[in-house]
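Here is a short briefing on a pair of chains and how they meet. Please look at the model first.

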Protein chains: 2
Amino acid sequence: MNQYINEVNECLMDYLHTLKPGKVREAMIYSVSAGGKRLRPLLFIQGLRSYSVDYRPYLKIACAIEMVHTYSLIHDDLPAMDDDDLRRGIPTCHKQFDEATAVLAGDALLNEAMNIILTMDLDDSLKVKICQLLFKASGASGMIYGQQQDMYYENHNASINELKDIHHHKTGCMIAVCLECAGMIACPTDIDKLSKLGFDMGLAFQIQDDILDVTSSTEVLGKPVGSDIDNNKTTYVSLLGLEKAQDYLKDLYEECLQDIYALSINHGLLIDMLNKIIKRVS
Amino acid sequence: MNQYINEVNECLMDYLHTLKPGKVREAMIYSVSAGGKRLRPLLFIQGLRSYSVDYRPYLKIACAIEMVHTYSLIHDDLPAMDDDDLRRGIPTCHKQFDEATAVLAGDALLNEAMNIILTMDLDDSLKVKICQLLFKASGASGMIYGQQQDMYYENHNASINELKDIHHHKTGCMIAVCLECAGMIACPTDIDKLSKLGFDMGLAFQIQDDILDVTSSTEVLGKPVGSDIDNNKTTYVSLLGLEKAQDYLKDLYEECLQDIYALSINHGLLIDMLNKIIKRVS
C-alpha cells in the first residue's frame, strides 16, 4: 500500500506548499510528515477501490482526513492536554517549535482541511456532502466531544459503556468517516453499513491501542509504554484484564469480517485494512 | 442595530444548543455570549441590506463569521499566546474554565462555523462559495498567517509596511470577508470593491485599537489599557506618534467613504458601520 501512501504524502506536500510561508506552515509540514501510518487516508482509498472506483480524483479528501487527524494529535499533545513530549518517536509539535505555534498549526490544519476540499474539481453537491460527513465527525458532537469525555473520565471511573462512548466519539467517528466518505462517492445506499464497519474497526483500533500500551515496548511504540497505567487511565485492559480484552478484540475482528461480507465489494481490500489495524504493533 | 444583534444571538444560541452537552459546549456558549459588539455579523447584514437583500435567510452565515472570530479570540488569549485574563471585562475562556477546555472550545467553534453553513437551506454552489471566502480569510494564508506574523514581530522591529501586512491578515481578512460574503450573495461583480472597502475598514479598526490603547481607560476598554506599551509592541501609535496616527485614521475614513460611494447601494447603512468602527470607544 506504499504507493497510495506516497501519493497521499505528495498531494499533502503540494497543498501545504501553496500556503503562505513561515513558522506555522513549517510546523504543519513537520507534524504531517512525522511518520504517521496514514491509516485513515488508506481506509478511504481502499474503501473506494473495493467498489472499483478510481481513488485518484479524490486524493485531496484523503489529505483532508489526515490533516484533521494531525490537527487533533497536535492539540492533544499540548501541555494543557496530554502534555506529551514524543509522538511517533520524535518531538511533538510544541516541543519542536513552541506552544503558540503548535496551537496555530493545529488550527491551520483544521481550517485548511476544509479549504483543500473546497478547492477540488468536484461537483459542489458532492463537496458539500463530503464536508458534512467529515466536519460532523470531527466536530463538537463528534471527535471533540470524545476528547472532552476522555478528559472528564481522567478524574472519574468509567464503566465499560462509558468507555465505549468516549472512544466511539474520540476515535470511532474519524475512522468511520473514512468509509462513509468512500460510500458517499461509490455507493451512497451502503453508507449505514460502512459506518457500522467503521465504528467496529475504530473500537478494535482502540482496544489494540490499550493492549499495546501494556504489551509493547517504548522503542516499538514510539511513545512511552505503560503511560495509561501511569496516568491511572481507565482502559479496556484495566476494566476487563488483558486476556478478556484480547478475547473482546477477537470477537470484534469476527464482527468486522461479517460487516465486510455484508457488502457487495472486493472484500479483500478492507480485510487487509482490518488486519493492518488489529495486527499492528505500534 | 440591536434588532439584528438579537437575531444573530438567538440564531447562535439555537445552533449551539443542538450540539452535544458538556464543558466544551458550555465554554463555547460562554465565550460567544461574552458581550461582543457583533461588528462582523452586523457588517455582513448591513452589507446585504445596503443592496436591499433580505438578510434573514443568511443569518447562519453571520453566526459562522462570529464563531470564527470568537474561536480566534479564545486561542489568542491562551497562556501560550497573549496570556490574557480578561476579555470584554470578564474572565477569558481558559480562566473561566481551564486551558484544555479553551483549546477544545476554540477548535469546536471553528469546526462548527463550517457545519452551521453546511446545514443551511441554500444552493450547494452558494454554500461552497461562502465557505471558500470565509475559510480562506480565516486560514493559514489569512488570519492565522497574520497571527504568526504578529508573534514574530513581538521580538523584531516592524516597519509601517510590515505592520500593515500583519493587520491586513490578522484583522483585515475577517472584516473584509463580511462584505465579500454579502457581495457574493447580493452582487458578485462588486466583490473586489467591497473587499477593498473591507480591508480599508479593517485597517481603520486596527489604528483605532492602537489609539484607544493609549487614550482610553481599562474600565471603558474592558481590558488593561497601555498593554501595547507594556508589551513593547509596535503599533501605529508607537511608529507614527499619536497625532499622526489620528491623522492617518482621518485619511482612512475619507478613503472608506470614497469606497462606499463607488458602489451603487444604500450608502447610509455602510457609513453607519464605518462610524461604529471609527468612533467606537472600546
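Which residues in H6(B) meet which residues in H7(B)? B:Met114, B:Ile117 and B:Leu118 of H6(B) meet B:Lys127, B:Ile130 and B:Cys131 of H7(B). Contact requires C-beta atoms, placed from the backbone, within 7 Å.

This is a predicted model: local features need pLDDT of at least 70, side-chain atom pairs count only at pLDDT 80 or more, and totals for chains, interfaces and linings use all residues. Residues are numbered from 1 along each chain as its sequence is written, while chains are lettered from A and ligands numbered from 1 in the order in which they are written.

**Helix pair in chain B**
- By class, the contact of H6(B) with H7(B) has five nonpolar, no polar and one charged residues. (Ala, Val, Leu, Ile, Met, Phe, Trp, Tyr, Cys and Pro count as nonpolar, Asp, Glu, Lys and Arg as charged, and the others, Gly among them, as polar.)
- Helices here are DSSP runs of H or I, at least four residues, numbered from the N terminus.

**Symmetry**
- Chain B superposes on chain A by a rotation of 180 degrees with 0.0 Å of shift along its axis, at RMSD 0.0 Å.
- In chain B, the C-alpha of B:Asp124 is nearest the axis, 2.9 Å from it.

**Interface**
- Chain B has 39 residues in contact with 39 residues of chain A.
- H6(B) gives the largest share of chain B's side, 12 residues.
- That side divides into 19 nonpolar, 11 polar and nine charged residues.
- The copies meet through the same surface, because 100% of the interface residues of chain B are also interface residues in chain A.

Terms used: Contact = placed C-beta atoms within 7 Å. Helix = DSSP H or I, 4+ residues; strand = E, 2+ residues; numbered from the N terminus. Least-squares fit on C-alpha atoms with pLDDT ≥ 70 in both.
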